[in-house]
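Colleague: I am new to reading protein models. Could you walk me through one?

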Amino acid sequence: MSNKQRIFRISTMDARTLSWWNTNRDQIDMNPSYQRKGNLWSNTNKSFLIDTIINNFDIPKFYLADFTLGVTELNKNKLPYAIIDGKQRFEAIFDFFDNKIRLNENFTLLRDPSLKLGGLYYRDLQKEYPRLASQFDNSNLTVMSVITNDEESINSLFVRLNR
């Protein structure tokens, strides 16, 4: 960077539900220049993430470039957020909301193993198990806000998170 001061700050975003992120997915640049390509996970792996969320296991934090505070050259698509880490996880969540994937056949709801939920799509949960669908909708993600004007810092963060 020439004479421009480098800005780099990471903080936890206010908690937002899966439903909020799903509704606002058009506000996230899923393909910024520094991001690797998507759709790398199999449907089985995507469904396993949904299983993890429904069964209340912890999942890794998401990292988003946060452009809500100002203008930067990094924000090529002029959206409030750009994915840094968590693209595959967001894609899995959005695919479940879109009924593109379903729960794995061997899915077990740990708090009530008697329920036969394997193979169900999100729409099936909404219709047959609305309370469970609502719990999924209202699950929170831990999302880290990355405020920076330096693409090298984003690349370094990504490498550090994935090593």
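Here we look at a helix face, a helix pair and some aromatic rings.

Modeller: Gladly! This is a predicted model, where local features need pLDDT of at least 70, side-chain atom pairs count only at pLDDT 80 or more, and totals for chains, interfaces and linings use all residues. Residues are numbered from 1 along each chain as its sequence is written, and side-chain values use heavy atoms, leaving out hydrogens and water.

Colleague: Which residues are buried in helix 5?

Modeller: Buried means under 20% relative accessible area, exposed over 50%, and partly exposed in between (1.4 Å probe, protein chains only). Helices are DSSP runs of H or I with at least four residues, strands are E runs of at least two, and both are numbered from the N terminus. In helix 5 (residues 130–137), the buried ones are L132, A133, F136 and D137. Seen down the helix axis, they fall within an arc of 145 degrees, so they line one face of helix 5; the arc is that of the directions from the helix axis to the C-beta atoms.

Colleague: At what angle do helix 2 and helix 3 pack?

Modeller: Axes are lines fitted to C-alpha atoms, for helices over the stretch in contact (heavy atoms within 4.5 Å). Angles run from 0 to 180 degrees between N-to-C directions. Under 35 degrees counts as roughly parallel, over 145 as roughly antiparallel, 65 to 115 as roughly perpendicular and the rest as oblique. Helix 2 and helix 3 pack at about 85 degrees, their axes 9 Å apart, which makes helix 2 roughly perpendicular to helix 3.

Colleague: How are the rings of F62 and F90 arranged?

Modeller: Rings of Phe, Tyr and Trp (its six-membered ring) pair if their centres lie within 6.5 Å; planes under 30 degrees apart are stacked, over 60 edge-to-face and the rest tilted. The F62 and F90 rings have centres 4.6 Å apart and planes at 50 degrees, so this pair is tilted. F62 and F90 are both buried.
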